[in-house]
Amino acid sequence: MAPDHGPNRAHVIAFRSALCLAGAAGLVGTTAKSLAGPGPAEFWIYFTVQSNLFLSAFFATLLVRTLRDGDAEGVFLAAVKGAATLYIVITGTVFNLLLANPASPFYQQQKESHYTWDSVLLHVVTPLMALLDWMFFGPRGALRPRHAALWLAYPLAYLLFALVRGAIVTSGTRYPYPFLDVAGSGYGQVSVNCLFLASGFYLLGLGLVALDRRYTPRATPAVTVHQPPEPEDVSSPGAPV
């Protein structure tokens, strides 16, 4: 069943408020754990934290706009929302399929469970809610496949940040993720990993664009009604007999 093309404003406000609260609670929880732990607080270097911060801030902005005047989202906001949605979907996909999956070559052994309450909020709840918001609340028909390529700018910038930082720091967590660990795998293997991931991220972006177009209501063609010609008034003066 296709989502409703005219979402109820109250439903949108309630759903996006819950999304913002989930993201904020997860960020507070993981930040508090990082600050309380031994060594430097490194929560900020993770794509998970950055993507959830971007998502929560953007949806808070949308909420303010909706509460003030309820204006529809333009092309620019639709593109930014697509970026925020893609990044959080990347977060959920990479964590659940690569980092927390024992069958993955990038599985990270940890003393504590991967799925603590704050981790569930940041890696499961917010990605699913953002994807549902995309499907049910729009945008509608504003995006094109080129946007999927433009959305890769931030993941590429994050890659540069992670590699440069890893080459500079000498203690703590040098590389935030095992598939970026140049010290352990070398630049060749990391390049292969990044090409594979970038291809997957691009396909995810194309999938978001496809969902946007899939749930865009098609314009109903206008139907021209042909009226029969009016009969001649035979009783008018001068009419032929």
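K81 forms a salt bridge with D133, their closest N and O atoms lying 2.5 Å apart, where a salt bridge is a side-chain nitrogen of Lys or Arg within 4 Å of a carboxyl oxygen of Asp or Glu. Because K81 belongs to helix α3 and D133 to helix α4, the pair ties together parts that are 52 residues apart in sequence; helices here are DSSP runs (H or I, at least four residues), numbered from the N terminus. Salt bridges that share partners join K81 and D133 with R16 into one network. Both K81 and D133 are buried, a term that denotes under 20% relative accessible area, with exposed meaning over 50% and partly exposed the range in between (1.4 Å probe, protein chains only).

The structure is a predicted model, in which local features need pLDDT of at least 70 and side-chain atom pairs count only at pLDDT 80 or more, while totals for chains, interfaces and linings use all residues. Residues are numbered from 1 along each chain as its sequence is written, and side-chain values use heavy atoms, with hydrogens and water left out.

Side chains of opposite charge can pair when their charged atoms come close. A search of the whole structure finds 4 salt bridges, among them one between the side chains of K33 and D118, at 2.8 Å from N to O. This pair links distant parts of the chain, since K33 is in helix α1 (residues 9-36) and D118 in helix α4 (residues 117-137), 85 residues apart. K33 is partly exposed, with a relative accessible area of 40%, whereas D118 is buried, with a relative accessible area of 4%. A further salt bridge joins the side chains of E42 and R165 (3.5 Å, N to O). E42 lies in the loop between α1 and α2 (47-68) and R165 in helix α6, so this pair ties together parts that are 123 residues apart in sequence. Both E42 and R165 are buried.

Helix α3 (residues 75-99) has 25 residues and reaches 34 Å from its first C-alpha to its last, close to the 36 Å expected at 1.5 Å a residue, the expected span being 1.5 Å times one less than the number of residues. The helix is mostly covered, with 20 of its 25 residues buried. Leaving aside residues up to four places away in sequence, A84 touches F54, L55 and F58, contact being defined by heavy atoms within 4.5 Å. The C-alpha atoms of A84 and F59, which are 25 residues apart along the chain, are separated by 9.1 Å.

Helix α2 has 22 residues and reaches 32 Å between its first and last C-alpha atoms, close to the 32 Å expected at 1.5 Å a residue. Its buried residues include F47, L55, F58, F59 and L62, and the buried residues of α2 pack against α1, α3, α4 and α6.

With a disulfide taken as a pair of cysteine sulfur atoms within 2.5 Å, the count comes to 0 disulfides. C20 counts as buried at 12% relative accessibility, and C194 is likewise buried, with a relative accessible area of 16%.

L160 is placed in helix α6 (residues 153-168), and at 56% relative accessibility L160 counts as exposed.

Methods: Helix = DSSP H or I, 4+ residues; strand = E, 2+ residues; numbered from the N terminus.
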